[in-house]
Amino acid sequence: MSGGTDGWSAVPAREPGHVADTADGLEARRTPATSAAGAQDGRVHGRPAPQYGEYAPEGWVNPVVEHERREQQRLEQAERPAEPVTATAAPARATPAAGRFGASPLDFVLTVGLLVIGLWSVIESLSVGTTASTIRTVVEQQYTDLSNPAALSSAVLVRAVVLVVVFVFVAWWSIRRLRTRRWTFWVPLVGGVVATVLGMVPVMVVIFQDPQFSAYLHRMATGG
């Protein structure tokens with residue numbers, strides 16, 4: 001079966017420029033002079049040799065090229081003249097007026113002082129009997145006697161509860177503002193006004209509803 005009359009053979013014909021089979025039975029081919037590679041390096045006929053890194057994965061960088069690039073950057077930085085050191089702005093320091101609490105030490109002192117005064121007023125209001133007796137004395141000396149003085153005790157008790165609630169709210173709000181270093185002295189002032197007005201409401205209601213006091217007001221209004 002080495003050949004036939006029809007011109008073909010079971011063994012492929014050797015191209016010019018090829019060498020004989022190797023010892024292990026494989027054909028050692030050379031690229032012919034007319035191949036695309038142009039050099040006889042034993043590669044498959046018509047296929048150019050891959051460039052360095054041609055089949056590298058995506059993102060791969062030639063270590064030789066990368067080393068040369070970094071070395072060039074290092075040399076360029078070494079050749080640059082040293083830049084003058086500019087003075088940087090010093091960090092802003094807290095002004096002497098700024099305190100740890102409140103917008104200023106003065107604000108802190110005023111706020112605390114007003115809260116102390118408010119606390120003292122609240123403590124005094126808890127003496128219901130003493131406060132009711134004091135209010136009765138003032139009304140009877142300046143206006144007229146009351147027909148039901150005992151009703152003042154209930155009104156004074158309600159007043160004490162109102163003062164305690166308002167003071168707790170004002171103190172809580174003042175502490176929050178002091179911690180955030182905001183102006184706070186006006187909070188106890190406003191709280192004091194609100195507490196005074198609300199605390200007087202139950203007392204005034206009892207006094208004006210007293211029959212003896214109502215008669216006195218009627219006489220003053222008619223001139224009788």
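This is a predicted model: local features need pLDDT of at least 70, side-chain atom pairs count only at pLDDT 80 or more; totals for chains, interfaces and linings use all residues.
1. Packing geometry. Helix 4 spans residues 151-179 and helix 5 spans residues 186-209; their axes come within 9 Å and cross at roughly 165 degrees. Because angles over 145 degrees count as roughly antiparallel, helix 4 and helix 5 are assigned to that class. The handedness of their crossing is right-handed.

2. Contact residues. On the side of helix 4, the contact includes Ala151, Leu152, Ala155, Val158, Arg159, Val162 and Leu163, together with Val166, Val170, Trp173, Ser174 and Arg177. Helix 5 meets these with residues including Trp186, Val187, Pro188, Gly191, Ala195 and Leu198, as well as Gly199, Pro202, Val203, Val206 and Ile207. By class, the residues of this contact comprise 18 nonpolar, 3 polar and 2 charged.

3. Largest pocket. The largest pocket holds about 350 Å³ of space. Its lining consists of 18 residues, and those closest to the pocket centre are Gly118, Ser121, Gly192, Ala195 and Thr196. Two or more lining residues come from each of helix 2 (105-125), helix 4 and helix 5.

4. Composition of the lining. Which helix gives the most to the lining of the largest pocket? Helix 5 does, with 7 residues. The lining as a whole has 12 nonpolar, 5 polar and 1 charged residues.

5. Link between the two sites. Ala195 belongs to the contact of helix 5 with helix 4, and Ala195 is also among the residues closest to the centre of the largest pocket.

Notes: Residues are numbered from 1 along each chain as its sequence is written. Side-chain values use heavy atoms; hydrogens and water are left out. Axes are lines fitted to C-alpha atoms, for helices over the stretch in contact, and angles run from 0 to 180 degrees between N-to-C directions. Helices (H or I, at least four residues) and strands (E, at least two) are DSSP runs, numbered from the N terminus. Angles under 35 degrees count as roughly parallel, over 145 as roughly antiparallel, 65 to 115 as roughly perpendicular and the rest as oblique. A crossing is left-handed if the near helix is turned anticlockwise from the far one by less than a right angle, and right-handed if clockwise. Contact means heavy atoms within 4.5 Å. Ala, Val, Leu, Ile, Met, Phe, Trp, Tyr, Cys and Pro count as nonpolar, Asp, Glu, Lys and Arg as charged, and the others, Gly among them, as polar. On a 1 Å grid over the protein atoms alone, a cavity is a set of points where a 1.4 Å probe fits but cannot get out, and a pocket is an open set with protein on both sides within 12 Å along at least five of seven lines; lining residues have an atom within 4 Å of a point. Grid points are joined across faces, edges and corners, and a volume is the space filled by probe spheres set on the points.
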